Amino acid sequence: MGSVTGPQRQFPSGADYAEALQHTQLCFQHPELKGARPELTKLGLPRAISGAFASVFSLTSASSGQRYAVKCFTRHVPDQERRYEAISSRLAQLDPVELSQPWNLGFEYLADAISVGRDRYPVLKMDWVEAVTLSSWLDDNHAHRFAVERLADRFEALTRDLATHEIAHGDLQHGNLLVASDDTLRLVDYDGMYVPALAGMGGTERGHRNYQSPMRGNDDFGVQLDRFSAWVIFLSLKAIASDPALWNRLHEPSGEFLLLTEDDFKNAGGSTRLRTLLAHPDRTVSGLAEQVRALAFQPLDILPPLAAAVPGQRVAATTVSGASGGGAATAPGSGGLPDWMAGHVSPQATPPPTAFSGTVPDSFRTRTPLDIATAVLWPLMLGVAVFMIVTGLSAPPIASGAPLLAAVALTALARSRRVERAQARAAMAELTTELGRLDDPVKAGEKLRKDRAKFDAAEATRTVDYPRAQDKLTARYHAELKEAEKRKVRKQRDMDKKIDALAEELRRTLAKTLADKQAAYVRDQLSRRLIAQSPPHGIGPKLAARLAAEGIRTAADFTGYRPVQNTQYNSTGAVLVLSSGRVIDVHGIGEAKAIALDVWRRDLVASARARQPTALGAQEQRAIEQGVASRRTQLMSQRKAVEAETDALREKARRQLEDNQKRLTRENTVAGEQAQQQRQEFGRRTVALQQNSALHRTLSASVEAARLRQRGLSFPCYLRFLYVGR
């Protein structure tokens, strides 16, 4: 027996290892593994957990009672021994006190440890941990927000431990992250691990596709290996902690992912799952989702560590470019726009309100000849009026006021023809016209407020309805999966019952065939015994002839007799029962002779049965067994067909879910774009309202100022201007 070495080595299969592990006393030499008890399946074989290039078995040491996970390799890994020795050495140097949690499991690389056939092969002996995978833990605990949030923090602490010690696991995913009973994490499967001693070597695997960056290549092997998968897992845990419904909405039962898959990274624009996280109202969730989207197509060596996301969620402000979120406060220089407009209206300088361009004079300037004539007329008319009053030339006293009225009328005419008055009238008309063109700011503001409130209510409804519609689609999808599974279980249970009944069917068929064969033999033997050749006691040739005439020639032609009462002669007769069940009355056959015939037949039956075959022939039995085997094969095929039918139903339900989700997302995206346009329109209306309000105030102030200036053009002011000149 020799060890298998060299790159061309052929390793055993998982089944070969399972067969060898039935005899651990012989296949192992290691004291902890020699004679160890493997965990067995229902068939009594060692239970294997198979992976890409190894099978893991659970063994309990006979000497210490310690339980171990033993990994047996099924294919060659380059530099296997060197890698495992380097990893083992590095992990052994870790001080448990310095670690955030006991995630490090002890393991030992044992060269030439197990014998399979004539050769020996290496194994990994690892400590066994009682824990569940991360996805299984989330199945049971996703509704407990605090527990999930705490686990997210512990996961971040684990990645910080790895980074601090310059270690990269290489395949961070739900199956390699186990959650112990105290809700702390355990890290398993160190095959692709990077430690400083392996610097310069290539990687042996590329990790689970649903957790790795599309940019990861075969040459990537260093401390940065875990960064993208760490962001993906951290995002998933934070999102579930914020919104537990996301687990049922984005995760699939038994799915090989948490919330996002490889397709979501490669096709972020068409990813329903990623868009759901990007649009999530929780800023932490949307920010982390934006970070994952941004990191998906960046080289691994420039990706930021997960620790960048934790202190105060700095990722939302620093490393996340273009993170979603509507600003709540108005930025300086934003023109005093309301909070809800931040991010919806482009910053621009608000144009100054348009001021009235004309000028309203506030006094009269140079006197005209008409002004001079009016000034001269007033004393003259006043003198005439006084003269008329004194001399009594005016009969009615009121007539003496006529000259004064004429002076007033002439003065009013002269004032109205002043250019200052014309300018004032033109200015006031222009101001009034401009003011009339503007909407009432109060009414316009109230209409804008109502339109905005109506829009906000519709958006709030849409925001609530969208996740509800997603949940409804997901619930219907899970209901269809559940119904398909129930239908499959029901049909397979019926198939299993039929398959289990085949053994009894085989037994009954064999027994019936043998009974039929024995009955045929007995009938054949009876048919060979002619009554005429060996008649029973008391049956002569005449009676034998009468019996033959009635169809009873051999012992096989009748089965017995029945006594009948002859009322005419008050005696007991007999009728014979034919093989067909019909009864006949043969003249001369009374009860005594019928008994003799029956006894004769019974003796022949007993003699034939003593000689009848006791077993079926090999060919006969083989034909029956083949028939039952054919039936078993048919039932097994039908059982597989049920599985295929169920898979088809699952696939149909999945496609329908994806189509409906895409439709729903498309509709929501269109509605969101329309809402964005509406917000911009509200922004434009708000800016216009602000400008209109400012202009309305300016024009109103100008009108009021013009009215004040017009006081300098009043009648008394004109009279004063006539004589004073100002």
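1. Where pLDDT is low, the predicted coordinates should not be read in detail.

2. This is a predicted model, with local features needing pLDDT of at least 70, side-chain atom pairs counting only at pLDDT 80 or more, and totals for chains, interfaces and linings using all residues. Residues are numbered from 1 along each chain as its sequence is written, and side-chain values use heavy atoms, leaving out hydrogens and water.

3. The protein chain has a mean pLDDT of 82, with 89% of its residues at 70 or more. Helix H6 (residues 227-242) has the highest confidence, at 95, and strand E1 (residues 2-3) the lowest, at a mean of 53. Helices (H or I, at least four residues) and strands (E, at least two) are DSSP runs, numbered from the N terminus.

4. On to helix H10 (residues 283-295). Its buried residues (under 20% relative accessible area, 1.4 Å probe, protein chains only) include Val285, Leu288, Val292 and Leu295. Among the elements covering the buried residues of H10 are H6, helix H8 (262-266) and helix H9 (272-278). At the N-terminal end, Asp282 is the cap, with a side-chain oxygen 2.8 Å from the backbone nitrogen of Thr284.

5. Strand E12 (residues 571-578) is largely enclosed by the rest of the structure, because six of its eight residues are buried. E12 and strand E11 (residues 558-566) pair antiparallel over eight bridges (pairing takes at least two bridges found by DSSP), and Tyr561 sits opposite Leu576.

Definitions and conventions
pLDDT = per-residue confidence, 0-100. Buried < 20%, exposed > 50% of the residue type's maximum accessible area, 1.4 Å probe, protein only. Contact = heavy atoms within 4.5 Å. Polar contact = N/O pair within 3.5 Å; in protein donor to acceptor, adjacent residues only side chain to side chain.
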